[in-house]
Every structure is written in structure tokens, then in C-alpha cells.
Amino acid sequence: MCCMMFGGVLEKFPKLKVCFAHGAGAFPYTVGRIEHGFNVRPDLCATNCQESPRKYLGRIYTDSLVHDPHSLNLLLQVMGEDNVILGTDYPFPLGDLTAGQSIGNSAILTESVKKKIFHENAMKLLGLDKHGRRE
């Protein structure tokens, strides 16, 4: 993610939408450190980037498959509930035994957020309306 941000890819292609697997890896946990590097060492971090890493958060999607309710809560806070889509890990065996089970069974998530994760955010990422047609 940092290579795309600091390498200027997201600035050069402002309409580009990307989705990262595994809850965006360590990014949600380290975004403060990444932003700090951007601010205090632009010679190392921001060589091809003029904007703070946080500016791009609304354009980056990630999957929900983090296997921990606290991690999922942090992911939703950092990336935004409109940018997290259902992750399954298919065809690999590390996902939920039933796709979406951990989201559906969550007592922490509202029904509105569950709907976003289950399908609404993916539709938005793909540029589809509620009937599956291109917007």
C-alpha cells in the first residue's frame, strides 16, 4: 500500500480503486507511523507523493477477513465502514468455514455495517448499482 501511495500511483491515477486482502495487512495498525514518516522525513517517504497517506483512505478497499473482532473494529475505524468488503480466503482453507459467518454472527457490528461488508461496498467498488448494472 505504501509503495502505491508514496510512489505516486494514486496521484497519477486519481480514479483508480484498489482492494487489499487480509484487512490491509499491518497498514491499519501502522498508519500513524506511516503518516509520521511522511511528515518528518519526506526525503525518504514522500519522494513521489504530495499528499498525506490518510488522504487516500477513502479510495482504498480491503477485505474483512482478519479473524478477530477487535482487529475488525480497528479496520473499520481506520479504513472506514464504506471501504471494507467481505473476505473469504477462497480457495484457501484459512477463511471462515461458512463464508461471512464471523461478520453475520458479530454482536458488535450493526445490521447496516454488515450489509455494507456483505455486498454494498463491493457493488460500489465495482461501479454497480443495486441491480448489478454499471453506474
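I started with Pro91, which sits in the loop between β3 (84-85) and α6 (101-104). Helices here are DSSP runs of H or I with at least four residues, strands are E runs of at least two, and both are numbered from the N terminus. The peptide bond joining Tyr90 and Pro91 is cis, and I noted an omega of about 10 degrees.

Before going on I wrote down the ground rules. This is a predicted model, in which local features need pLDDT of at least 70 and side-chain atom pairs count only at pLDDT 80 or more, while totals for chains, interfaces and linings use all residues. Residues are numbered from 1 along each chain as its sequence is written, and side-chain values use heavy atoms, with hydrogens and water left out.

Entry: positive phi.
I looked next at the loop between β1 (18-20) and α3, where His22 is found. His22 is not a glycine, yet its phi is positive, at about 55 degrees. Ala24 is also in the loop between β1 and α3. Its phi is positive as well, near 65 degrees, and Ala24 is likewise a residue other than glycine.
I then checked accessibility, with buried meaning under 20% relative accessible area, exposed over 50%, and partly exposed in between (1.4 Å probe, protein chains only). Ala24 has 8% relative accessibility and so counts as buried. His22 has a relative accessible area of 49% and is therefore partly exposed.

Entry: cysteines.
How many disulfides are there? I took a disulfide to be a pair of cysteine sulfur atoms within 2.5 Å, and by this rule the count is zero. Cys2 is in no disulfide, as the nearest cysteine sulfur, that of Cys3, is 7.1 Å away.
Cys2, at 26% relative accessibility, is partly exposed. Cys3, at 68%, is exposed.

Entry: Ile34.
Is Ile34 buried or exposed? Its relative accessibility is 13%, so I logged Ile34 as buried. Ile34 belongs to helix α3 (residues 27-40).
I listed its contacts, meaning heavy atoms within 4.5 Å. With neighbours within four places in sequence set aside, Ile34 is in contact with Cys2, Phe6, Phe27 and Pro53. I also took one C-alpha to C-alpha distance: Ile34 and Met5 are 11 Å apart in space and 29 residues apart in sequence.
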